[in-house]
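Open your viewer, get ready to select residues by number, and follow along. Each stop tells you what to click on and what you will find there.

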Amino acid sequence: MGILRQHLQNECDPRLPGELAYSVKEAYSYLRLLVDSNPILQNKEMKKTYGHLRQGLVDVALRTVLEKSGLNVNVHMRSALHNRNGGYTYSMIEAKGAIISPAKTRSVTALPRKALHRDIASVKNRQFDLFTSQEEINQKYDENTPPFLLLTYGGKNNMLGYVQLGLPDIKAEMWIEQVDIINAPRIIVNNEENNYDLGLTLTKFANDIMKGESYGEEDKS
């Protein structure tokens, strides 16, 4: 068993992968619904907006699903350190045993483009130590020293093809390990607590975007 699989099994809530995958799936489903129900979005000139809409929908789906899941988790929307004045924003998920940032990638094995907040906000400012050398790859990480993970997703023609949890090296230049979670099951503890209308939340969020709210995206492909 790889270091990431072992960490997810031993140190993280077993419900986490399923909730993360469900969030991304719901966001992609709503994006298709949003495009299909709004003819203006079907114009070729509007396709450049899909990336921003997709990222915004993923962010709000993650927050909504995780906050309702019963997991011990905090979801923060932060401004990039180099662009605090209404520009690029990103989600940071603090969960038991992991700090997670979502990102759209061009392929299942691709790393997201280099992003300042991943090096500074997650590592330096928060004092979360990752792997300082390849020799330390087998050191133990637990809930007190959580690793920084990337939740990556993507596919062709705005159709979801993969959802992965990946452990990057400290420079975010290569994967130490990736785990496919697109088919991770949702473990529902209390059906009443999970009976909420995600669509209403996403509708409000999409309307805010259409009214002019600003959401950045690293990869709009």
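Start by selecting Asn 158, which counts as partly exposed because its relative accessibility is 26%, a value between the 20% and 50% cut-offs. Keep in mind as you look that this is a predicted model. Asn 158 sits in the loop between β4 and β5. Its phi is near 60°, a positive value in a residue other than glycine. Why point that out? Most residues other than glycine have a negative phi.

Is Asn 157 buried or exposed? With a relative accessibility of 72%, Asn 157 counts as exposed, since the cut-off for that word is over 50%. Asn 157 is also placed in the loop between β4 and β5, and its phi, near 55°, is positive although the residue is not glycine.

Next, move to the aromatic rings. How many aromatic pairs does the structure hold? There is one. To see it, show the side chains of Tyr 28 and Tyr 153: their ring centres are 6.0 Å apart and their planes meet at 85°, so the pair is edge-to-face.

For another ring, select Tyr 22 together with Arg 186. Arg 186 lies over the face of Tyr 22, at 3.7 Å from the ring centre.

Now for the inside. In soluble globular proteins, nonpolar side chains tend to be buried together. Select Leu 20, Ile 100 and Leu 151: in the largest nonpolar core, which has 37 residues, these three touch the most other members. Colour the elements that give two or more residues to this core, and you will have α1 (3–11), α2 (16–37), α3 (50–68), β1 (73–79), β2 (89–95), β3 (98–104), β4 (148–154) and β5 (162–168). Which element gives the largest share? That is α2, with ten residues.

Zoom in on Leu 20 and set aside its neighbours within four places in sequence. Leu 20 is then in contact with Leu 62, Leu 66, Ile 93, Ile 100, Leu 151, Leu 165 and Ile 181.

For your last stop, select Met 92, Ile 99, Leu 150 and Trp 175. They are among the six residues of another core, which lies apart from the largest one.

Notes:
Residues are numbered from 1 along each chain as its sequence is written. This is a predicted model: local features need pLDDT of at least 70, side-chain atom pairs count only at pLDDT 80 or more; totals for chains, interfaces and linings use all residues. Side-chain values use heavy atoms; hydrogens and water are left out. A nonpolar core is a set of buried Ala, Val, Leu, Ile, Met, Phe, Trp, Tyr and Cys residues joined through side-chain atoms within 4.5 Å. Buried means under 20% relative accessible area, exposed over 50%, partly exposed in between (1.4 Å probe, protein chains only). Helices (H or I, at least four residues) and strands (E, at least two) are DSSP runs, numbered from the N terminus. Contact means heavy atoms within 4.5 Å. Rings of Phe, Tyr and Trp (its six-membered ring) pair if their centres lie within 6.5 Å; planes under 30 degrees apart count as stacked, over 60 as edge-to-face and the rest as tilted. A charge sits over a ring if NZ of Lys or CZ of Arg is within 6 Å of the ring centre and within 35 degrees of the ring normal.
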